[in-house]
Amino acid sequence: MGGLSAKSNTIDATTLGLNENNVLTVKIYPNPVINDEVSISIPTVSSNTTMSLFGLDGRLFLKENIKNNTTTINMSKIPSGVYLLKVESEEGSQVSKIIKK
């Protein structure tokens with residue numbers, strides 16, 4: 001007649017796999033940005049590795065394919081502020097904060 005019996009109050013719990021989220025090891029230097037240039041270092045680059053630079057308001061300032069393990073972003077035409085750099089590849093993704101003074 002409704003309700004829980006002693007035998008039916010078990011819960012099946014499935015753990016979501018944290019191993020499915022692959023995070024890249026992206027290095028950004030110098031940060032804060034000095035002389036309007038920032039270097040990005042990525043250990044593994046594939047044919048579809050991309051980087052996107054966003055303002056905190058969501059505005060996209062830059063989107064490029066990355067072909068080398070180290071690349072440089074010229075930020076001379078980008079105003080001072082805090083930005084988010086998203087790097088994506090087959091290996092995973094990473095979002096990092098960049099500060100331009």
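Modeller: Ser-52 has its place in strand E3, where strands (E, at least two residues) are DSSP runs numbered from the N terminus. This is a predicted model, in which local features need pLDDT of at least 70 and side-chain atom pairs count only at pLDDT 80 or more, while totals for chains, interfaces and linings use all residues. Residues are numbered from 1 along each chain as its sequence is written, and side-chain values use heavy atoms, with hydrogens and water left out.

With a relative accessibility of 4%, Ser-52 counts as buried (under 20% relative accessible area, whereas exposed means over 50% and partly exposed lies in between, with a 1.4 Å probe and protein chains only). Not counting residues up to four places away in sequence, Ser-52 touches Leu-60, Leu-62, Lys-63, Leu-84, Leu-85 and Lys-86, a contact being heavy atoms within 4.5 Å. Of these, Lys-86 in E6 stands opposite Ser-52, and strand E3 (residues 50-55) runs antiparallel to E6, joined by six bridges; two strands pair if DSSP finds at least two bridges between them.

On to the next pairing: E6 and E7 are also antiparallel, with nine bridges between them, and Val-87 stands opposite Gln-94 in E7. A hairpin of two residues links E6 to E7, and Glu-90 lies in this loop, between E6 (81-89) and E7 (92-100). Glu-90 is exposed, at 56% relative accessible area, yet, leaving aside neighbours within four places in sequence, Glu-90 is in contact with Ser-46 and Asn-48. The C-alpha atoms of Glu-90 and Asn-22 are separated by 9.2 Å, although these residues are 68 apart along the chain.

Notes
Helix = DSSP H or I, 4+ residues; strand = E, 2+ residues; numbered from the N terminus.
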